[in-house]
Amino acid sequence: MLKILKNFTDSPTSGGIILFICVLISLTIANSPLGATFENILNTPLGFETASVHLRYTTALWINDGLMAIFFLLVGLEIKRELVSGELSTPRQALLPIFCAFGGAIVPAGIYFAVNQGTETVSGWGIPMATDIAFALAVIAMLGKRVPASLKVFLAALAIVDDLIAILVIAIFYSAELHTIYLGYAAAILALLFIFNRLGVRSLIFYLIPGLFIWYFVHHSGIHATIAGVLTAMTIPLATKGQKEPPLLKLEHALTTPVNFLIVPLFALANTAIRFEEGMLEGLISPLGIGIIVGLMLGKPVGVYLMTKLAILLRIGSMPQGASWAQIIGVGLLAGIGFTMSIFIALLSFSDNLLIAEAKFSILVASLLSGVTGYILLNRVATPSNDNEKKT
């Protein structure tokens, strides 16, 4: 039994499967007699509060601002590893996925903005920009050897840069009024962590405990608290001498399972409890719904495809080895699986619960359609592509 469980958790598709199950459970609960009880649980205050310390928030906020900071810590670790020694470590390696990520962010945002200009939902332009790494990689992993390994690496790098863009968008455009004194405290602690790094401090406790204070001060500064996870990740050492496993890799390995099988599923449970109401389907053809669905389903593959063409035309990047143009479009479709990050930005974009529900529903529809069409396309063109790869 333990071996079966270990094989499941080690599978690259398992995180996506768990996430999909949690979405179904959340939707079922929301549309059952348990819906009101579940909503009350999410709105239950937890924590403590004194005259000088404020740590009493609802369950939903602890999940979205607290646990998701750990998710962003893991994303930050992945970004740093790729920048230092991975697919983003050299200009030629990094330029193609960077180009494609910007194309896959700007085109969907432009489509959404054009459709929603002059409406109350225009502030949600950031929603279709992001890619859900877990879901996208789970879908392409299901194709196995039917797609070249280089294409999987390309999608992973693209998704990582996509997340970095989304993080910057959240920090710059979706943060509240800044309180500079708290921001100053956070900056001072962050500077201390960089000093620890330069001095060769390798123990993770010297980074994670101050990281908690960074989270607290960033939360109170007006910048979204999850940014603290990325900032802390940037200070954790990767290069080490005389140590079997660098601190960054050690922490990344320790966080991967709880993030994929606890934190992200909890986020899905808490944020996809959408009660289907009369008129919600019409919301799919409202400016909000059209902007999200067209942005993710069309804007993503168009942006990725055009920027790949441009990078190759300018000779600053090269096609993933063994990949075809049809597969580039397929990867662009998989990049249209917004889900986690898109829902996260939707929560920051609107205060009206009806708009949030419509945005979530549109994200679910767009992500499902993007994933299915991307899988079908990649599966259909897989055999010819792999034959060509073998011949070369």
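## Helix α10 and its cover

In this predicted model, the elements covering the buried residues of α10 include α4 (59–85), α7 (149–173), α8 (180–199), α9 (205–221) and α11 (247–271). Helix α10 spans residues 227–235, and seven of its nine residues are buried, so α10 is largely enclosed by the rest of the structure. The buried residues are Ile227, Ala228, Gly229, Val230, Thr232, Ala233 and Thr235.

## Two serines

Ser318 lies in the loop that runs between α13 (287–313) and α14 (325–334). Its relative accessible area is 39%, so Ser318 counts as partly exposed, the range for that class lying between 20% and 50%. Apart from neighbours within four places in sequence, Ser318 has contacts with Arg92, Leu96 and Ile312. Between the C-alpha atoms of Ser318 and Asp352 the distance is 45 Å, with 34 residues separating the two in sequence.

Ser367 belongs to helix α16, which covers residues 353–391. Ser367 is buried because its relative accessibility, 8%, falls under the 20% cut-off. When neighbours within four places in sequence are set aside, the contacts of Ser367 are with Gly336, Ile337, Gly338 and Phe339.

## Cysteines

Cys22 has a relative accessible area of 10% and is buried. Cys100 is also buried, at 0%. The disulfide count for the model is zero, where a disulfide would require two cysteine sulfur atoms within 2.5 Å.

## Overall fold and dimensions

The secondary structure consists of 16 helices and two strands. Of the contacts between residues at least 6 apart in sequence, 80% link residues at least 24 apart.

A compact globule of 392 residues would have a radius of gyration near 21 Å, and the value for this protein, 21 Å, agrees with that. Along the principal axes, the C-alpha atoms fill a box of roughly 70 × 65 × 50 Å.

Methods
Residues are numbered from 1 along each chain as its sequence is written. This is a predicted model: local features need pLDDT of at least 70, side-chain atom pairs count only at pLDDT 80 or more; totals for chains, interfaces and linings use all residues. Side-chain values use heavy atoms; hydrogens and water are left out. Helices (H or I, at least four residues) and strands (E, at least two) are DSSP runs, numbered from the N terminus. Buried means under 20% relative accessible area, exposed over 50%, partly exposed in between (1.4 Å probe, protein chains only). Contact means heavy atoms within 4.5 Å. The radius of gyration is taken over C-alpha atoms; the globule rule is 2.2 Å times the number of residues to the power 0.38.
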